[in-house]
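Here are my notes on the ligand site and the open spaces in this model.

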Amino acid sequence: MAKDVIIACDFPNAQTALNFLDQFEQEKPYVKIGMELFYGAGPQIVRDIKARGHRIFLDLKLHDIPNTVKKSMAVLSGLDVDMCNLHASGTIAMMQAALEGLTRPDGTRPLLIAVTQLTSTDQERMENELWINRPIDEVVLHYAQNAQKAGLDGVVCSPLEAGKVHAACGAQFLTVTPGVRFADGEKGDQARVTTPLQAAQIGSDYIVVGRPITAAQDPVAAYRRCVREFLMEGNA
Ligand code: C5P
């Protein structure tokens, strides 16, 4: 199964993102475009980065009525992205509609993964604000199983949850995991982190890495270190 390092290109505009990617002369990293860059630069940034030969995870986390999500996913699929996502809390019907919208006339489609509970949501907020009175681990697994029932390819989750998700949903069900830091690096605002090697050992399929690469003095070297730890040492 494909495993890879995805760089979170959290930049405010197209020029900054393209200047960042210009530094990669020998490799074409898998790139995550999130809301900041997409809303700042518009859909053309997806076409531009795609035209340079990168694979793209478009992280827009859709959540709306099934018909709206279906039509929006059809637009995103037309942008030729490789992976996109939505909130599992939008219900199985919404996720199924999303898959229909994503599927191109020739039967191909981008991978579709679900956010279960955001890693910024903790047990207390989930109970007191969302009125969900179950342990958050169970909620994450239940939402992952809903995503699987709907036919999705996997979930976004903490690397620390990747093993449990695979145990519940099978080895083929993808785990895409942010919250990755080098052992000697800054944690920033991420609370529960693992190193690339630990993420590989727990079973992440794709790690999403932002600031440890984008804010590094030498982003290419930081990317190569991630690839080495996650793909090579993690497979050893
Ligand atoms: O800079 P850093 O490595 O923390 O970036 C992680 C990326 O993954 C960011 O784009 C962030 O929005 C995203 N993400 C996350 N936690 C989630 C879902 C997405 O950190 N639960």
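1. A backbone N or O atom of G210 sits 2.8 Å from an oxygen atom of the ligand. The side chain of K32 places an N or O atom 2.8 Å from an oxygen atom of the ligand, and a polar side-chain atom of T119 is 2.9 Å from a ligand nitrogen atom. The protein covers 83% of the 470 Å² of accessible area that the ligand has on its own (Shrake-Rupley, 1.4 Å probe).

2. A word on the basis: this is a predicted model, where local features need pLDDT of at least 70 and side-chain atom pairs count only at pLDDT 80 or more, while totals for chains, interfaces and linings use all residues. Residues are numbered from 1 along each chain as its sequence is written, and side-chain values use heavy atoms, with hydrogens and water left out.

3. Which residues surround the ligand? There are 13 of them, and the closest are D10, R181, Q190, G210 and R211 (a heavy atom within 4 Å). By class, this shell holds five nonpolar, three polar and five charged residues, with Gly counted as polar.

4. The ligand takes up the space of the largest pocket (more than half of its atoms lie within 2 Å of the grid points). A pocket here is an open set of points on a 1 Å grid over the protein atoms alone, with protein on both sides within 12 Å along at least five of seven lines; a cavity is a set where a 1.4 Å probe fits but cannot get out, and lining residues have an atom within 4 Å of a point.

5. The largest pocket holds about 980 Å³ of space. It is lined by 37 residues, and T119, S120, P178, G179 and Q190 are the closest to its centre. Elements giving two or more residues to this lining are β3 (56-62), α7, α8, β8 and α10. The lining divides into 13 nonpolar, twelve polar and twelve charged residues.

6. Finally, the count comes to one cavity of 30 Å³ or more. The largest cavity is lined by D137, V140, L141, E161, K164 and V165, and α7 (136-149) and α8 (159-169) each give two or more residues to that lining. Its classes are three nonpolar, no polar and three charged.

Definitions and conventions. A polar contact is a pair of N or O atoms within 3.5 Å; within protein, one must be able to donate a hydrogen and the other to accept it, and residues adjacent in sequence count only if both atoms are side-chain atoms. Grid points are joined across faces, edges and corners, and a volume is the space filled by probe spheres set on the points. Helices (H or I, at least four residues) and strands (E, at least two) are DSSP runs, numbered from the N terminus.
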